[in-house]
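Hi there,

Here is the structure I promised to pass on. Have a look at it first, and then read my notes below.

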Amino acid sequence: MFIAAKLLAFLTQPLAWVALLMLVAVLLVRRRPTTSQRVGASAITLLLLLGWEPLPDALIRQLETRYPALPASADLNGYAGVVVLGGALESAYVWTQPDQSALNDAAERMTEVLPLLRRQPALRVLFTGGEGEWFGGSLSEARRAERFFSAQGIGPSQVLYESASRTTYENALLSKALPGIDPAQHWLLMTSAWHMPRAMASFQKAGWNVQAFPVDFRAGLATPWTQYSMVQGVKKWKLALHEVLGLLAYRLSGRA
């Protein structure tokens, strides 16, 4: 599943589709010049269309609205702790400053733990995330998370780390095998809102009793029709396609 996820990540990169169309156009330029021109025009049209953000935002919004954010007044009594999924930390090679943390676009997965603990200091934190790269560095994601939480004043007695998982399914399966963890208790599950449908399905399939605590919302309530950026559009398309196809793959494989 890890290898399949990496292949899926490549196939869901829209720029790869544009490059493939351009390659086909080049290969056809001598034998079928008219077809080559049409394929090349399709590649350029697709490239320009990718930057129109309302389209990918509509897909992301469908994922994010499945589990709305918990209100600040929500009663958190009775929860054993919060499971925090990895994916918010930059790769190990970026962590070159010993006293500084390097977070990515999903930083809320880490930062929103802090106000949650201020509201409910008795909550346990279970961070789950191994090495999601093909060739990981010496600093695992769990170790990076430990450095972040330590810098925020969260002591080692408050956080339990699972460091072997590489996929969402493994997050759920390996976390419940940790000593002292009872998945039948009430747990909060914290991850990005767009990732929550797959995360909830995986954890529930693995036997966890979880309540969604989505963070890192990307699409908002509505996207202005004038919102256009090739950089952001491509990133959003990649994210949306990866999650939609990932959820489908999990369901077909019995992991969700």
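How many helices and strands are there in the chain? There are 10 helices and five strands, where helices (H or I, at least four residues) and strands (E, at least two) are DSSP runs, numbered from the N terminus.

Before you go on, a word on the ground rules. This is a predicted model, in which local features need pLDDT of at least 70 and side-chain atom pairs count only at pLDDT 80 or more, while totals for chains, interfaces and linings use all residues. Residues are numbered from 1 along each chain as its sequence is written, and side-chain values use heavy atoms, with hydrogens and water left out.

**The whole chain**

The C-alpha atoms fill a box of roughly 70 × 40 × 40 Å, taken along the principal axes. Of the 256 residues, 44% are buried; buried means under 20% relative accessible area, exposed means over 50%, and partly exposed is in between (1.4 Å probe, protein chains only). If you take the contacts (heavy atoms within 4.5 Å) between residues at least 6 apart in sequence, 74% of them join residues at least 24 apart.

Strand 1 (residues 81–85) runs parallel to strand 2, and five bridges join them; two strands pair if DSSP finds at least two bridges between them. In that pairing, V83 stands opposite L126. Strand 2 also pairs with strand 3 in the parallel sense, over four bridges, and here F127 stands opposite Y161.

Q120 is buried, with a relative accessible area of 17%. Apart from neighbours within four places in sequence, Q120 is in contact with L76 and N77.

Now find helix 7 (residues 141–151), whose buried residues include A142, A145, F148 and F149. Just after helix 7, G153 takes a positive phi of about 85 degrees.

**Salt bridges**

Side chains of opposite charge can pair when their charged atoms come close. A salt bridge here is a side-chain nitrogen of Lys or Arg within 4 Å of a carboxyl oxygen of Asp or Glu, and the count comes to six.

Which residue forms a salt bridge with K236? It is E53, with the closest N and O atoms 2.7 Å apart. K236 lies in helix 10 (residues 230–252) and E53 in the loop between helix 3 and helix 4, so the pair ties together parts that are 183 residues apart in sequence. K236 is buried at 15% relative accessible area, and E53 is buried too, at 4%. E53, D57 and K236 are linked in a network of salt bridges.

K235 and D105 also meet in a salt bridge (2.9 Å, N to O). That pair links distant parts of the chain, with K235 in helix 10 and D105 in the loop between strand 1 and helix 5, 130 residues apart. K235 is partly exposed at 41%, and D105 is partly exposed at 47%.

Finally, D216 forms a salt bridge with R218, the closest N and O atoms being 2.7 Å apart. D216 is buried at 4%, whereas R218 is partly exposed at 27%.

Cheers!
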